[in-house]
Every structure is written in C-alpha cells, then in structure tokens.
Amino acid sequence: MVYKSTHGRTVRGSAIHDTGDVKKKRSKHVLDKTRDTKWHKDKEAKEIEELKKEKMEGLGGLERERIEAAYLIPEIENFVETDNVKNIEERVKLWLGAGYPVHIIGPTGCGKTTVAMKVAQDLSRPVVWINGDDQVTTTDLIGGYSQIESETLRDRYIHNVFKGKDILKADWVDNPLTLACKYGYTLVYNEFSRTKPVANNILLSVLEEKILELPTKYGEERYIKVHPDFNLILTSNSIEYAGVHRAQDALLDRTVGIYMDLYDSDTEIKIVEAHTRIATPEAEEIVRVIGNIRRKVPDAEKPGTRACIMVANGIMASNGYAEKNIDQLYLDILATKVKGPEDLNQKQKLVSEALSKPTAKST
Ligand SMILES: Nc1ncnc2c1ncn2[C@@H]1O[C@H](COP(=O)(O)OP(=O)(O)O)[C@@H](O)[C@H]1O
Ligand SMILES: [Mg+2]
C-alpha cells in the first residue's frame with residue numbers, strides 16, 4: 001500500500017548535527033558583519049553543506065566508534081564463520097542490498113543476535129541498537145523531549161522600567177530509530193516481536209514511504225526523509241513469536257524473513273572452542289550430549305548453542321568437580337526451565353541417557 005498525502009508536507013532532508021568545524025564556520029560568519037550580503041550568505045550555506053557532506057561521507061573509524069560507544073551496542077566476540085554461518089550472513093546482506101529490511105527468526109540461542117550484529121558491522125555504517133520488550137514505546141524508538149530549559153530575562157534598560165520575560169526551551173533527543181533514519185545508520189532491533197505492535201506502527205511509513213513521522217513534533221520538523229544508507233535488521237524468537245505480540249502483517253509483509261535453525265554440530269563445536277578454549281574432544285562431547293537432549297525435549301525447552309558454551313565454561317571452572325559430577329552440570333543448565341520436582345527427575349533421566357555413549361551394538 002502506498003500512502004497518499006492529503007496535504008502538502010515539507011520533508012526535512014539530510015539534516016545532521018553540527019560538527020565542531022561547522023559550528024566554527026557558523027560563528028566566524030556570524031562575527032564577520034562585513035560579509036552580510038546575499039552572495040556571502042549563499043556561499044556560507046554551500047560551504048557548510050559541503051562540510052557536513054564531507055563529514056558524513058568520511059564517517060570512518062573514529063567517528064563511527066564514537067557513535068557506537070555513545071549508543072552502546074553489544075560486542076561480538078570470537079565470531080566463528082563456517083559455511084553454514086556464511087550462508088546466512090550472505091543472505092542477510094543480499095536482501096539488505098536489495099533494499100529490504102531483514103527479519104531473522106529462529107529458536108533461542110541459535111545465533112540470531114550474533115549474525116545480526118556481525119552483518120550490521122560489516123556494512124561499515126555506524127550501528128545503533130534497540131532491544132524489544134513489553135514496555136518499549138514509540139518514544140523509546142524515536143526519542144522525545146528530554147528536559148525543559150527555562151531562562152529569565154530581566155531588562156532594566158530604562159532605570160525605572162522593569163521588563164521580565166520567561167523563555168522555555170525544550171530539548172529534543174533522538175533515539176536509535178530517528179538517528180538511523182536521519183543519518184543512514186544500521187538499526188538492529190533485537191527481539192522485535194516482544195514489543196507491542198502499536199509501538200512498532202511508526203516503522204510502517206519508514207518502510208513504505210521512506211518517511212519517519214515524529215508524532216510529537218510540528219511543522220517541517222515532524223517529517224524526516226529516510227537516509228538512503230538506512231538499514232534495518234530485526235530478530236525474533238520463533239518459539240515466542242506465535243505467542244507474544246504478533247507483529248502486524250502489514251509490517252511483516254515489508255520485510256524479508258530469514259529462518260535460522262540451530263547450527264550443525266561442526267559449527268557448534270567450533271563456537272564452543274572459540275568461546276571457551278576447551279579441548280576439541282570435550283567440545284565434541286558437549287555438542288553430542290546437548291544434541292541428544294535437544295531431540296527429546298519440546299521446542300520451547302531445547303537448549304541452544306548458549307547452553308553448550310555454558311557447559312564448557314562450567315567444566316573449565318569446575319576444578320575437578322565435573323569429572324565425577326558431569327551429569328549435575330548438565331542438569332543445572334537444563335534446570336532453568338524445570339517446572340517442579342517431577343520434571344527435574346525426568347530431566348535427570350534424560351541427561352543420564354544422553355551422556356551414555358552408544359554401544360557398538362546399537363550403532
Ligand atoms: N557465529 C558465531 N560465532 C561465535 N559465537 C556464536 C556464533 N553464533 C552464536 N554464537 C554464540 O552462541 C550464543 C547464542 O547466540 P545468540 O546470537 O545470542 O543467539 P540468539 O540471539 O539466537 O538467542 C552466544 O553466546 C553467542 O556468542
Ligand atoms: Mg538474541
């Protein structure tokens with residue numbers, strides 16, 4: 001669906017924050033009264049625009065690091081890139097390159113967030129991040145007025161006349177969606193389906209009309225034209241997906257879905273090794289045991305790659321305890337989703353079965 005505007009709008013284009021250089025340039029021109037002709041003003045405006053463009057285009061290393069540090073994004077460590085991982089990365093990049101937002105869907109702990117962050121960082125634009133949940137509102141996505149500044153002017157120019165004036169100024173602060181739309185950053189919206197659909201409605205016109213409408217602003221400031229470098233990666237848990245807040249179809253129809261399952265054993269072994277430096281045979285055994293458990297529990301309880309890493313870390317930290325009590329270690333990790341003593345007994349059995357090596361006969 002294409003929205004038709006019913007009234008003329010002014011769309012604010014490539015506005016960006018004034019940088020130090022731009023501010024200096026502005027103040028220099030303001031002070032220089034002799035240059036107050038139209039020709040000089042046009043020249044000044046052109047120079048400022050050029051400076052801004054230069055800053056944006058050259059948004060490399062340091063500037064990007066500064067932005068990402070200010071908006072705290074999760075770091076990806078020990079990234080493992082097997083053919084399976086590469087295939088997903090390539091598909092995400094392909095669809096982003098084709099101009100579509102990508103929605104990565106998969107079970108808990110299969111690596112959605114990690115792939116989303118890795119691809120986002122490979123795009124060499126600053127990355128901003130939002131984590132969806134029940135409490136997230138549109139304001140959390142776009143920003144709002146952070147504080148009201150009050151200023152009082154007292155004018156006693158004529159000694160017996162007193163003139164007072166109160167000025168209230170509201171400070172607007174951009175949140176990640178606005179920043180990404182304005183300056184062409186990559187927005188990773190993690191666990192997007194946990195947010196109530198009404199808060200995500202704002203994304204519709206961003207994806208369809210390429211316009212971000214800031215509902216609490218008025219006049220030309222209300223509309224922001226989405227920067228051509230803007231990219232959006234959403235992640236959702238496939239298990240929760242059906243249950244929690246089902247996102248509106250209109251929004252989903254405008255995204256490409258990439259379904260990720262838990263990785264193959266070889267990839268999981270490499271991930272466990274990369275995160276914990278545990279010996280390969282031990283990593284192989286952990287992945288085998290967790291794989292066995294996975295096959296026997298319902299979808300919502302299937303332990304993911306994160307569980308494999310946790311077992312490995314437990315073994316590494318156990319100082320000999322794990323040698324005699326390995327089943328307890330696995331059980332402790334599964335127990336986070338235990339419903340009661342009976343369920344715990346069942347899980348205990350499951351762990352024992354999973355730990356027992358297949359005999360020559362049964363293979
Ligand atoms: N390609 C990968 N390389 C290294 N570690 C990975 C990779 N994919 C997943 N992991 C690790 O596996 C765990 C689960 O991944 P995560 O991205 O958080 O899953 P999800 O977002 O699907 O719940 C994390 O500890 C993460 O560091
Ligand atoms: Mg995640």
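**Exercise 1. Work out how helices H4 and H5 meet in this predicted model.**

Let's start with handedness: H4 passes H5 in a right-handed crossing. Next, look at who does the touching. On the H4 side you'll find Ile88, Glu89, Val92, Lys93 and Leu96, while H5 brings Val115, Lys118, Val119 and Asp122. Sort these by class and you get 5 nonpolar, no polar and 4 charged residues. Now for the geometry: H4 covers residues 83-97, H5 covers residues 112-122, and they pack at an angle of about 55 degrees with axes 10 Å apart. So H4 counts as oblique to H5.

**Exercise 2. Find which residue pairs with Lys93 in a salt bridge, and say where the two sit.**

The partner is Asp122, at 2.9 Å from N to O. Lys93 belongs to helix H4 and Asp122 to helix H5, so this pair ties together distant parts of the chain, 29 residues apart. How open are they? Lys93 has a relative accessible area of 32%, which makes it partly exposed. Asp122 is partly exposed too, at 36%.

**Exercise 3. Decide whether Glu191 and Arg194 are buried or partly exposed.**

These two form a salt bridge, with their closest N and O atoms 3.8 Å apart. Buried means under 20% relative accessible area. Glu191 comes in at 13%, so it is buried. Arg194, at 29%, is partly exposed.

**Exercise 4. Explain how Arg288 and Glu285 are placed along helix H13.**

Their side chains meet in a salt bridge of 3.0 Å, N to O. Both lie in H13 (residues 280-296), 3 residues apart, so about one helical turn separates them.

Methods
Residues are numbered from 1 along each chain as its sequence is written. Chains are lettered from A and ligands numbered from 1 in the order in which they are written. This is a predicted model: local features need pLDDT of at least 70, side-chain atom pairs count only at pLDDT 80 or more; totals for chains, interfaces and linings use all residues. Side-chain values use heavy atoms; hydrogens and water are left out. Axes are lines fitted to C-alpha atoms, for helices over the stretch in contact, and angles run from 0 to 180 degrees between N-to-C directions. Helices (H or I, at least four residues) and strands (E, at least two) are DSSP runs, numbered from the N terminus. Angles under 35 degrees count as roughly parallel, over 145 as roughly antiparallel, 65 to 115 as roughly perpendicular and the rest as oblique. A crossing is left-handed if the near helix is turned anticlockwise from the far one by less than a right angle, and right-handed if clockwise. Contact means heavy atoms within 4.5 Å. Ala, Val, Leu, Ile, Met, Phe, Trp, Tyr, Cys and Pro count as nonpolar, Asp, Glu, Lys and Arg as charged, and the others, Gly among them, as polar. A salt bridge is a side-chain nitrogen of Lys or Arg within 4 Å of a carboxyl oxygen of Asp or Glu. Buried means under 20% relative accessible area, exposed over 50%, partly exposed in between (1.4 Å probe, protein chains only).
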